[in-house]
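Dear colleague,

I am handing over the structure we spoke about, and below it you will find my notes on what was found in it. Please read them alongside the coordinates.

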Amino acid sequence: MANILVIDDTVANLKLMTATLTDVGFEVRPLLDPQKAVEAALLDKPNLVLLDIAMPHIDGYMVCRSFKSHPACAIFPSF
């Protein structure tokens, strides 16, 4: 089953998405700290990333730019 990295700064959102996706058989890795997104993706390549766009310190667009600018993420064609 797919490995999904869920990044959101709201605990309630993470719990809801994790429970919903886990209930239908997905492996979910919830992440509260968007600044650790690249590190988490490199540890275990996700099949899908669900990313909150509106976060206070680093928004989802900045996270996407981090993926695209990190040399090791070149192995992830979808990033």
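Three strands form an open sheet in the order S2-S1-S3, with parallel pairing (two strands pair if DSSP finds at least two bridges between them; strands are DSSP runs of E of at least two residues and helices are runs of H or I of at least four, numbered from the N terminus). S2 and S3 are the edge strands, each of them pairing on one side only, and neighbouring strands of this sheet are turned by 20 degrees against each other on average, direction ignored (axes are lines fitted to C-alpha atoms, for helices over the stretch in contact, and angles run from 0 to 180 degrees between N-to-C directions).

This is a predicted model, in which local features need pLDDT of at least 70 and side-chain atom pairs count only at pLDDT 80 or more, while totals for chains, interfaces and linings use all residues. Residues are numbered from 1 along each chain as its sequence is written, and side-chain values use heavy atoms, with hydrogens and water left out.

S1 and S2 run parallel and are joined by five bridges; isoleucine 7 has leucine 31 in S2 as its bridge partner, and valine 6 stands opposite proline 30 in S2. Because five of the five residues of S1 are buried, this strand is largely enclosed by the rest of the structure (buried means under 20% relative accessible area, exposed over 50% and partly exposed in between, with a 1.4 Å probe and protein chains only). From S1, Asn3, Leu5 and Ile7 point one way, whereas Ile4 and Val6 point the other way.

Helix H1 (residues 11-23) has 13 residues and reaches 18 Å from its first C-alpha to its last, close to the 18 Å expected at 1.5 Å a residue (the expected span is 1.5 Å times one less than the number of residues). In H1, Leu14, Thr18 and Leu21 are buried; they cover an arc of only 80 degrees around the axis, which puts them on the same side of H1 (the arc is that of the directions from the helix axis to the C-beta atoms). On the other side of H1, Ala12, Lys15, Leu16 and Asp23 are exposed. What covers the buried residues of H1 includes strands S1 (3-7), S2 (27-31) and S3 (48-51), where contact means heavy atoms within 4.5 Å. After H1 comes glycine 25, whose phi is positive, near 100 degrees.

With kind regards
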